[in-house]
Amino acid sequence: MEGLSLYLESVDPERNRLRWYELIAFPLPGDRFHLMRRWGRIGRSSSSGRDDKLPSWDVCKRTVRRVLCLRARHGYEPTMPEAVQLSLWQASPNRLLHLLPDESSPWHSCLPNVWLGERAL
């Protein structure tokens, strides 16, 4: 099974809100999963984070869905860091950049419904 890597941002200049959140999940030997979460303020070099080793695919899937739904309720949307967007666009300017796993991915069922219409940059 492939891993999952999502970068989210919540930007509201009126409320001085400039936040990012990164979630990375990947399988480990023995049907376990590693879930890494990092978050911080856009433009700051410091960040916080949390790493969890989860015992099964079901636990990982539920945890990822819970985290992503909470982030969506707090105004986070999937995006790419600006430096990554620029380097990918320079490499292939006519290609659409898919931010979310497609329907064939086992991670697709973890996504909040509000994001399912926003597939590419």
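Predicted model: local features only at pLDDT ≥ 70, side-chain atom pairs only at ≥ 80, totals over all residues.
R38 is partly exposed, with a relative accessible area of 26%.

**The salt bridges**

The partner of R38 is D51, and the closest N and O atoms of this salt bridge are 3.0 Å apart. D51 lies in strand 4 and R38 in strand 3, so their pairing ties together parts that are 13 residues apart in sequence. D51 counts as partly exposed too, at 42% relative accessibility.

How many salt bridges does a search of the whole structure find? The search gives three. In general, side chains of opposite charge can pair when their charged atoms come close.

| D52 | R37 | 2.4 Å |

The side chains of D52 and R37 meet in a salt bridge. D52 is in strand 4 (residues 48–54) and R37 is in strand 3 (residues 32–41), so this bridge ties together parts that are 15 residues apart in sequence. Are these two residues buried or exposed? D52 is buried, with a relative accessible area of 16%, and R37 is buried as well, with a value of 7%. Residues count as buried when their relative accessible area is under 20%.

R50 counts as partly exposed at 45% relative accessibility. Through shared partners, the salt bridges join R37, R50 and D52 into one network.

**The surroundings of R37**

R37 is found in strand 3. The side chains of R37 and D52 are also listed as making a polar contact, at 2.4 Å. Which residues does R37 touch, leaving aside those up to four places away in sequence? The list is Y21, E22, L23, S48, G49, R50, D51, D52, T63 and V67. One of these, E22, is the bridge partner of Y7 and belongs to strand 2.

**The fold as a whole**

The secondary structure of the protein chain comes to two helices and five strands. Read from the N terminus, the elements run β-β-β-β-α-β-α. The five strands form an open sheet in the order 4-3-2-1-5, with antiparallel pairing. Which strands stand at the edges of the sheet? They are strand 4 and strand 5 (77–79); each has a single partner strand, so one side of each is left without a neighbour in the sheet. On average, neighbouring strands are turned by 25 degrees against each other, with direction ignored.

Strand 1 and strand 2 pair in the antiparallel sense over nine bridges. The hairpin of strand 1 and strand 2 has four residues between the strands, and in this hairpin N16 takes a positive phi near 55 degrees.

Strand 2 (residues 17–28) pairs with strand 3 in the antiparallel sense over 10 bridges. Two positions show how residues face each other here. A25 stands opposite L35 in strand 3, and L28 stands opposite R32 in strand 3. Three residues lie between the strands in the hairpin of strand 2 and strand 3, where G30 takes a positive phi near 85 degrees.

Helix 1 (residues 57–73) lies across strand 1 (4–12), strand 2, strand 3 and strand 4. Relative to strand 2, helix 1 runs at about 170 degrees.

**Values for the whole chain**

The protein chain has 121 residues, and buried residues make up 35% of them. R37 is a buried residue, with a relative accessible area of 7%. The accessible surface of the protein chain comes to about 7600 Å². Carbon and sulfur atoms account for 50% of this surface.

Terms used. Residues numbered from 1 in each chain as written. Heavy atoms only, no water. Salt bridge = Lys/Arg side-chain N within 4 Å of Asp/Glu carboxyl O. Buried < 20%, exposed > 50% of the residue type's maximum accessible area, 1.4 Å probe, protein only. Areas by Shrake-Rupley, 256 points an atom, 1.4 Å probe, with all protein chains shown as cover. Pairing = 2+ DSSP bridges. Axes fitted to C-alpha atoms, helices over the stretch in contact; angles between N-to-C directions. Contact = heavy atoms within 4.5 Å. Polar contact = N/O pair within 3.5 Å; in protein donor to acceptor, adjacent residues only side chain to side chain.
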